[in-house]
Structure formats: structure tokens, C-alpha cells
Amino acid sequence: MAEDSPKRRKANFNEAETEVLIEQVLKHEQLLFAAGPGRASPGQKRKVWELIRHKVNPVAACPRDVEDLKKRWRDLKRRDRNKLCRLSRGCGRPSPAALGLLLTPAELPPTRRHRV
């Protein structure tokens, strides 16, 4: 019989995990999110997410699975979109230049931090 202990949640993502996740997703952005006839198959996307998981787990506070990484990526995108919407009051799609102007250097992806 299984133990009846309550399920514990995983630790929050630390800064190093988040940075590696952002760096790797941006590196493989075309494969993961491209639309149209040249897009990657679900199997290819699964392999890319597994690769990202193998890059994130060495710096992780606890082992992460692919679903944890996908959820964190969605949350990061939503948070940034909400912040940009509040700041600009436009709620439209932000331009890449707007990201550099509206977000603090700590909130920018690692590839944009040095350009601002």
C-alpha cells in the first residue's frame, strides 16, 4: 500500500536554472516554435526539450522534467507580456527594441543584457 503523505511541491527555479533555460530555448527557438511547412516534428521537439533538460538539471535545485521546463517558459513569457502591457498600456505585440527599454537588465534574456 502506498504512503498517504501529502505531495510536496518542487523548489522554485533559481536564477541559474532560469538563465540556462532562457539561453537554451532562445538557441533552439526556431525548432521549438516555428510554424508553417518547415516546422519540426513532435519527436524532434521532444528531443530538443530533453537536451534542454540535460543542460538545466546540473544547475537545478531539484531534478526538473520537460513539463516543468515548458511550464516555466510559458510563465516567463506571460509575465513579461503582462509587464509590457501594463507599462505601454497598448497590450499589442512588443517589438524587440521595447524589451530592451522596458525591462530591467536582470529581466532581459542573457543575449540582450550586454546590448542595453
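How many salt bridges does the count come to? By the rule used here (a side-chain nitrogen of Lys or Arg within 4 Å of a carboxyl oxygen of Asp or Glu), the count comes to 7 salt bridges.

A quick word on ground rules. This is a predicted model, where local features need pLDDT of at least 70 and side-chain atom pairs count only at pLDDT 80 or more, while totals for chains, interfaces and linings use all residues. Residues are numbered from 1 along each chain as its sequence is written, and side-chain values use heavy atoms, with hydrogens and water left out.

**The overall picture**

The protein chain has 6 helices and 0 strands, with helices (H or I, at least four residues) and strands (E, at least two) taken as DSSP runs numbered from the N terminus. Of its 116 residues, 28% count as buried; that label means under 20% relative accessible area, with exposed being over 50% and partly exposed in between (1.4 Å probe, protein chains only). Among contacts (heavy atoms within 4.5 Å) with a separation of 6 or more, 56% come from residues 24 or more positions apart.

**Helix α1 and its buried glutamate**

Helix α1 covers residues 15-27. At its start, a side-chain oxygen of asparagine 14 comes to within 3.1 Å of the backbone nitrogen of alanine 16. Several residues of α1 are buried, including Val20, Leu21 and Ile22. The C-alpha of isoleucine 22 sits 7.6 Å from that of tryptophan 73, 51 residues away along the chain.

Glutamate 17 is also in α1, and it counts as buried because its relative accessibility is 0%. Beyond its neighbours within four places in sequence, glutamate 17 contacts Asn12, Val56, Val59, Ala60, Ala61, Cys62 and Arg64. With arginine 64, glutamate 17 forms a salt bridge. That pair links distant parts of the chain, since arginine 64 lies in the loop between α3 (42-56) and α4 (66-88), 47 residues from glutamate 17. Arginine 64 is buried too, at 4% relative accessible area.

**Salt bridges side by side**

Side chains of opposite charge can pair when their charged atoms come close. Here are some of the pairs:

| Pair | N to O distance |
|---|---|
| Glutamate 17 and arginine 64 | 2.7 Å |
| Lysine 70 and glutamate 67 | 4.0 Å |
| Arginine 78 and aspartate 75 | 3.0 Å |

Lysine 70 and glutamate 67 are about one helical turn apart because 3 residues separate them in helix α4. Arginine 78 and aspartate 75 both lie in α4 as well, 3 residues apart. Arginine 78 is partly exposed at 44%, and so is aspartate 75 at 22%. Finally, Lys71, Asp75 and Arg78 join up in a network of salt bridges.

Technical notes:
The expected span of a helix is 1.5 Å times one less than its number of residues. A polar contact is a pair of N or O atoms within 3.5 Å; within protein, one must be able to donate a hydrogen and the other to accept it, and residues adjacent in sequence count only if both atoms are side-chain atoms.
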